[in-house]
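Dear colleague,

Please find the structure below. I would be grateful if you read the notes with it open.

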Amino acid sequence: MQVEEYKPLIVAFCCNWCSYAGADLAGNNRLNYPADVKIIRVPCSCRVNPMFILRAFQRGADGVILCGCHPGDCHYTSGNYYTRRRMALLFSMLDYLGIERERTRVEWVSAAEGAKFAATMNDFAQKVASLGKNKRLEDLRCKK
Amino acid sequence: MQKVSREILVDKAISLLNQGVVKAVFGWRKGEFDYDVTPAVFTTEKDIKENFVFNGFCGANFSKYLVAKTVNFDGKILVFLKSCDTYSFNQLLTEHRFDREKVYAVGIPCDGMADISKVKEIAGDGVSKIDFEGDMMKVTTLYQDEPVEIKLGDVLLERCYNCKSKKHVAYDELIGEDGEVLDSNRFDEVAKLEAMTPDERFAFWQGELSKCLRCNACRDVCPACTCEKCVFDNPNSGVENKAAANSFEEKMFHIIRAFHVAGRCTDCGECSRVCPQNIPLHLLNRKFIKDINQFYGEYQAGEQVGSRAPLVNYTTEDVEPCDVFKGGEENA
Amino acid sequence: MRKCSIDNINDVLKALSEKIPLYLPVDRLDGKATYQKYQEGKVWSNALNTERSAKDFFFPQMENLVEFKTQGKNVEVIDIRDEKQDFIIFGVRACDVKSFEILDRVFLSQPVDTFYKSRREHGIIFSLACSKPNETCFCSVFNIDATAPAGDVTLWKTETEVFFKANTEKGEKILSEIDSLTTECGEETVNEQREKTKKILSKLPLSDLDLTNFGVGKTKALFDSPLWKEMSSTCLGCGTCTFVCPTCQCYDIKEFKVGDKVTRFRCWDSCMYSDFTKMAHGNPRLTQAERFRQRFMHKLVYYPDNNDGLFSCVGCGRCLSKCPISMNIVKVIKRVGGKENE
């Protein structure tokens, strides 16, 4: 039996106004990024509650990335500033608990940055793949 | 022995009660032994005289009780607040969780409270009597002929050992002299963990959190946890759980619990005091406090009523999440 | 009765655990004892008792019951019960041994809880007599003899020796397997220790608890006491007392769904929780005072009502030392029972 190549499952929370459109642009421009990136559209990066990140890991994600508008460009003026603080603290806490820091990331991607979106996803997927499966935040009940 | 004696507090409580200033008194009620004092509401002079105690085991923080007790209560409630309790008191006021008009707060000095499990580590099991003399306690046990003498300073609760402030930040009346904000070493343990490798940290927390019973005492005692319905109790939330089914749920509960009070936690230390499994929960909360201080500037929750907590605030120059691991030099 | 030197106890543990998995109290890093599986290097704790009670062995905090798999319109029910193996619980104190009897009356009466039953049948209990009870102990109030606990095998530990006495066939069989490591002996030393311990037990501060106002038929007299409200007024509503209690046996059945797979499991519940026994109409006990009353009335009145007067408390004292606000069953017995100021 051939051993299947390990492909990490990535969950990307993308804000409706910038990053989701950025992902769209990446598609329109036929830029490649891994098919294992599952995009979840959120109204604003600020909608993402720390629980979302943890739940994504629980349900089998190997890496979670959060994409929003560049600071200063938030559709709702200041949502992503709050996101920035929240995620800075959350990621620092995850690191403190010994969870690999490369499994989480925040990236600001505008609607015009299709290339950046694809490049970010490629880079992130590669980094997560090098870490292997998420073992430290896994819920065994969610494994096949 | 505490700087302020039981008698002073009893006299104060009775006089305020008899003058009609307050209609009820929050205090510590004597237990079966000298160390198992229970927070209680007193309404009569007789009850106060007979059962009110104040000694080195009165660690309970009354601030959170005010949220439930002041609702539908006609009149004022007297509450005795140690310096650390006043921070929780202010934080709750900041969040508009109770009516300040219904509370008469008396600040009391505190020399730190003792941890009975530490006393028992020294004196052994079978503690039948504890007498306070100055800053010493004489512990009589069933198994030793002579009482064991223990210095209060050696058996303090973790939070008192690293007391952050003897200053009262809220009161209507203060008994004794006010203290100062102290330079504590409370972040040392956090720094020690940070210096470990991720594998060591993971092993440490896995070991600690796997002890968790999910009794929710840390949450229920926390003066910052005042949601009407906790997400972990709400069957409609999708994350409600009564027992940690596996190591993920243990971690999720504790991360979310600590995160939810991040920026609002005054570091009162009640969570670690009540944990029946001795999990050092304060190390999670202090990590957030340490990070907040480092990334967003020194902030002490509860220091001032009305201050804006760091997580509902921002600057355009905040550190990027990807840079936090560099220690946030930019902002330091 | 047989005995071995305390220096050889590890050989005994090793010999026993080679045949059957053995669990014994071991000191954790923080100095508190918990039951752990014996393997080379584990040291039998000297602590009076474990942080968590021994009920975990028969009634674990979380237990999967059954799995469902959906495929189109079909639901497949999968029995996930695994074959249980015999296991030894070593060093169980008299109070915890008594708690098994209390749990048995709940789980083994009709309808029988088969999950509990199979664990119970496979458990071999090595009980350990007490010699240094704590000030929070009050098992004698419930007529438990801490100096001669029940169980398949009873152990007595002195500073130099460990004594073994089989009480059941199961116990005799397992003791005979370690015959080479123990020697036959008389009961003098044990009896001497028992007498000494009994003296201590009779002098314990809580040994004079009076239960006359509790038990069968006391519901009406106690239910409307104003003390329930007063005493519960600072109760946090956490589950500490129920989770460390060896006799609390309430559980909730819940489901966890992933894709087409549903796992039905049960986990401990606590009558102190706001969502305990929540039904379609809501919660039958709306205030903490009612929940608080439920816990103590259950232990001291309802359970005896249904079980020939047997109280559902064994006096282990765990709730006394663990309650965040130091409210506990002793204070309830003294105040609600009206004996506080005697």
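This is a predicted model: local features need pLDDT of at least 70, side-chain atom pairs count only at pLDDT 80 or more; totals for chains, interfaces and linings use all residues.

Residues are numbered from 1 along each chain as its sequence is written, and chains are lettered from A and ligands numbered from 1 in the order in which they are written.

Chain B contributes 32 residues and chain A 33 residues to their contact (two residues are in contact if their C-beta atoms, placed from the backbone, lie within 7 Å). On the chain B side, H10(B) gives the largest share, 6 residues. That side has 22 nonpolar, 2 polar and 8 charged residues (nonpolar: Ala, Val, Leu, Ile, Met, Phe, Trp, Tyr, Cys and Pro; charged: Asp, Glu, Lys and Arg; polar: the others, Gly among them). Helices (H or I, at least four residues) and strands (E, at least two) are DSSP runs, numbered from the N terminus.

In chain A, helix H2 (residues 50-58) has buried residues including Ile53(A), Leu54(A) and Phe57(A) (buried: 20 or more other C-beta atoms, placed from the backbone, within 10 Å of its own). The buried residues of H2(A) pack against strands E1, E3 and E4 and helix H3 of chain A, together with H10 of chain B. Gly60(A), with a positive phi near 115°, follows H2(A).

Chain C has 38 residues in contact with 33 residues of chain B.

Domain 2 (117-151) and domain 3 (188-326) are among the domains of chain B, with bounds from an automatic or database domain assignment. Their C-alpha centres lie 34 Å apart.

Yours sincerely

Key. A residue is buried if 20 or more other C-beta atoms lie within 10 Å of its own, exposed if 12 or fewer, and partly exposed in between; C-beta atoms are placed from the backbone.
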